Amino acid sequence: MRHDDELEPTFTRAGEATTARHTRIPELPMLPETAYRIIHDESMLDGNARLNLATFVTTWMDEHGDRLYHDAFDKNMIDKDEYPATAAIEEYCWRILAGLWNAPDPDDAIGTSTIGSSEACMLGGLALKRRWQHARRAAGKSTETPNLIMSSAVQVCWEKFCNFFDIEMRFIDTSDEHPLMDGTGLEDVVDENTIGVVVIMGVTYTGSYEPVTKVAAKLDEIQAATGLDIPIHVDGASGAMVAPFLQPDLEWDFRVERVQSINTSGHKYGLVYPGVGWVVWRNTAALPEDLVFRVSYLGGSMPTFAINFSRPGAQVLLQYYRFLRLGRLGYTAIQQASQDVAVFLSGEIGKLDAYELLTDGTDIPVFAWRQTPGHTDKWTLYHLAERLRIKGWLVPAYPLSGGQSDQTVMRIVCRNGLSHDLAEDLLRDIREETEFLDGLDAPMPHEGLVQAFHH
C-alpha cells in the first residue's frame, strides 16, 4: 500500500507547500521527489550559465562527456590503488600537456592533476620555494624571507599562496605605459631571496599574454650582472590551452629555458566541466623530490603531489576524453571559433562612440573595453552591466589593477558554446542599452551599484 505522502500531488507535499529554509537538518525524512523538487526549484534562481560572460569555466560538454561523467562520478582521484586505470589516465594527460608545451624531454617531465588552477599555482609556487630553500641551505644562508615577483594583475590565488606559505609578495604595478609585466623594473625588486617570477599567459583583466621571452631576457641580464639565477613559473590558467593551438609559434612555454613549471585549468579552455587543473614541470629536477609522496598501485609506485586529498576523478577522465575526441585539429577549430566570435564582438563594440577597446581577443578569446574618456557623465560601465543583467547577460565591470586602478573596464569571455548567433543577440542588447543610457536627461543613480565580480 502506498504511503499517503506519495499520493499527494506535486507542490502540496510537506516541504514543497512551505517556505521554510532548512538551515537545520529536518527530524523526518522526505520523499526523494520532494527533496529533489525543493532544491531544483530553488536553484532555478541561479543565472543561465551559458549567458555568463564573466566566467572562464566550461559550461557545456557533449552527451558522451555527460555520460562518461555519470559513469565516473564516484571515483576518488587520490585512491590510486583502487582506481589504477584512472591514475594511469591522469599521467597520460599531463604527458600530453608536456608535449603540447614543448618539454625538452617529455619522458623526463613530471606533472599532476589538481582541483583547478588555484591549486596548480600553489604547487608550482611550493616547488619554487623548496628549490630556493635547498639552494640557500646548501650555501649556508638563511631561508627566512622568500619573496615572489608578479604583476599586480595576477589572479587572487597568488595572493592566497603568498599569504598561506609566508612569502613576501612583490608586485610590478601595471600602468598605461606598461599594461603588462614586460620585464621593466624587475631589477628593482629581485634579490637573493626571490624564489621566482610569475608570468601570466592570459591576464584575467584583459585577456592579454604577458611576454614570457621579454621577462626571461631581463632575468638573463640580471643574472649576468648579479649572478642571481631566477626561474619563471607560467600561469597559463587560460592561455596554456589556447596558445598551443592558435599561436603555435609563440615562445612562452618550455622552449624558454627559464620556464620551470606551467599550470592550466582543464575546466577553462581545456573544455572540461569544473573542477580540474594541471601543473607540469619541465623535468623531474624542477620538482624537489621531498615534496613528492609515493603511493603504491599495481605493485608499482605512483608519485603524487597535491594539497587536496580526496577529489573527483571523473574530470580527469573527461580531460582525456577531450584530448582523444578532439585531437589537435579539434582543439584548434574550437579555440579558433571562440576567437572569431571575440574578434567580431570586439570589432563591433569598438565602433561605438561610447567605447574604447583595450584588447581585441586576439590572444585568448577574451577582450576588454572602457568608456571613451569624456563621453558622458550620466552613466558608467556599472550601469551598463546592470542593464545587461536585466536581459540575462552577465558582463562584468570592474577596476583595473596597480597604476590603472582608477579605470573601470568591461570584459567578455568567449567560450565554446557562445555562438555567432548568441553574439549577435548580445551585440544588439549592448547597442540598445548604450543608446538608452546615452539618451538620459539626468545622471543615473549610483546607489546600490556594487562590484560583484572579483578576480
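In this predicted model, strand E2 and strand E4 (residues 194-200) pair in the parallel sense, and three bridges hold the pairing. On another pairing, E2 (residues 147-151) runs parallel to strand E3 (residues 168-172), to which five bridges join it.

**Strand pairing of E2**
- Leu-148 has a bridge partner in each of two strands, namely Met-169 in E3 and Gly-196 in E4.

**Burial of E2**
- Because five of the five residues of E2 are buried, the strand is largely enclosed by the rest of the structure.
- In a regular strand the side chains alternate between the two faces of the sheet.
- In E2 both faces are covered, with Asn-147, Ile-149 and Ser-151 buried on one side and Leu-148 and Met-150 buried on the other.

**Domains**
- The domain assignment of the protein divides it into domain 1 (5-45), domain 2 (67-324) and domain 3 (336-439).
- The centres of domain 1 and domain 2, taken over C-alpha atoms, are separated by 44 Å.

Note on methods
Residues are numbered from 1 along each chain as its sequence is written. This is a predicted model: local features need pLDDT of at least 70, side-chain atom pairs count only at pLDDT 80 or more; totals for chains, interfaces and linings use all residues. Side-chain values use heavy atoms; hydrogens and water are left out. Domain bounds come from an automatic or database domain assignment. Two strands pair if DSSP finds at least two bridges between them. Helices (H or I, at least four residues) and strands (E, at least two) are DSSP runs, numbered from the N terminus. Buried means under 20% relative accessible area, exposed over 50%, partly exposed in between (1.4 Å probe, protein chains only).
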